[in-house]
Amino acid sequence: MQQKIVLIGGPGTGKTTIINELAKEGYRCMPEVSRAVILKAKEEGIEQLFLTEPLLFSEMLLEGREKQYKSAAALQAKIVFFDRGIPDIHAYLDYVKTKYPPYFVKKSKVYKYTKIFHFAPWKEIHTTDNERYESFEEAVKIDAYLVATYSELGYLLIEVPFGSVAERTTFILNAISQE
């Protein structure tokens, strides 16, 4: 049975760096969908789609993450890593206090993941860029919503310790291989 492993945490906690490292080591990885959605919106002249239309942005994310999940299931890979999962979507909507249809949570219950690795906020590595505009303080608040959402869905979060890219990658791979 395929293991679907999700890396979660607030913005700027090192998830994408580790996903890129795992991909370099030959693991199948699903990139963060939101960057593509943000770039597409910018091409259409919308600077911050999540801030201006959080529900539309989130519906686009849900569609992208659902496609990722299904395409991962079709892969001949024992392990597939995801840079964020479906529950992240309604965690962010809760963070911005935006109401959403019940199917967001329903899809989180339909598309289940095997393990969740949590990257806690880490001030020393937090940066902003064109797609990641949240301050460190905002990242801490978002992280609390992510932890609560995944916990409410019954997931046990595995805390990834601070450390070098190699140390964090090794920690994740060791935690998976101990099964």
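## Strands β4 and β5

H118 has E159 as its bridge partner in β5. The model is predicted. Strand β4 (residues 115-118) and β5 are paired in the parallel sense, over three bridges.

## The sheet

Five strands form an open sheet in the order β2-β3-β1-β4-β5, with parallel pairing. The edges are held by β2 and β5 (157-159). Each has a single partner strand, so one side of each lacks a neighbour in the sheet. From one strand to the next, the twist averages 25 degrees.

What lies across β1 (3-8), β3, β4 and β5? Helix α8 does, spanning residues 165-177. Its direction is at about 155 degrees to β4.

## Aromatic pairs

A pair of aromatic rings is described by the distance of the centres and the angle of the planes. The model has 11 aromatic pairs. One of them joins Y27 and F81. Their ring centres are 5.6 Å apart and their planes stand at 85 degrees, so the pair is edge-to-face. This pair links distant parts of the chain, 54 residues apart. Y27 is in the loop between α1 (15-24) and β2 (28-30). F81 is in strand β3 (residues 79-83). Buried or partly exposed: which is F81? F81 is buried, because its relative accessibility is 0%. Y27, at 29% relative accessibility, is partly exposed.

Y95 and Y145 make another pair. The centres of these rings are 5.9 Å apart. The planes meet at 70 degrees, so this pair is edge-to-face. Y95 belongs to helix α5 (residues 87-95), and Y145 to helix α7 (residues 136-152). The pair therefore ties together parts that are 50 residues apart in sequence. Y145 has a relative accessible area of 26% and is partly exposed.

## A ring cluster and two charges

Which residues do ring pairs link into a cluster? They are Y69, F82, Y111 and Y113. Y69 also has a lysine over its face: K4 lies 5.1 Å from the ring centre.

K112 is placed over the ring of Y155. The charged end of K112 is 4.5 Å from the centre of that ring.

## T13 in its loop

T13 lies in the loop between β1 and α1. T13 has 1% relative accessibility and so counts as buried, the cut-off being under 20%. Which residues does T13 contact beyond its neighbours within four places in sequence? They are F119, A120, P121, W122, I125 and R168.

The side chain of T13 also has polar partners. A polar atom of this side chain lies 3.0 Å from the backbone oxygen of G10. The T13 side chain makes a polar contact with the side chain of K15, at 3.3 Å.

## Y103 in helix α6

Y103 is part of helix α6 (residues 103-110). With a relative accessible area of 34%, Y103 is partly exposed. Residues up to four places away in sequence aside, Y103 touches E59 and L62.

Notes
Residues numbered from 1 in each chain as written. Predicted model: local features only at pLDDT ≥ 70, side-chain atom pairs only at ≥ 80, totals over all residues. Heavy atoms only, no water. Phe/Tyr/Trp six-rings, centres within 6.5 Å; stacked < 30°, edge-to-face > 60°. Helix = DSSP H or I, 4+ residues; strand = E, 2+ residues; numbered from the N terminus. Buried < 20%, exposed > 50% of the residue type's maximum accessible area, 1.4 Å probe, protein only. Lys NZ or Arg CZ within 6 Å of the ring centre and 35° of its normal. Pairing = 2+ DSSP bridges. Axes fitted to C-alpha atoms, helices over the stretch in contact; angles between N-to-C directions. Contact = heavy atoms within 4.5 Å. Polar contact = N/O pair within 3.5 Å; in protein donor to acceptor, adjacent residues only side chain to side chain.
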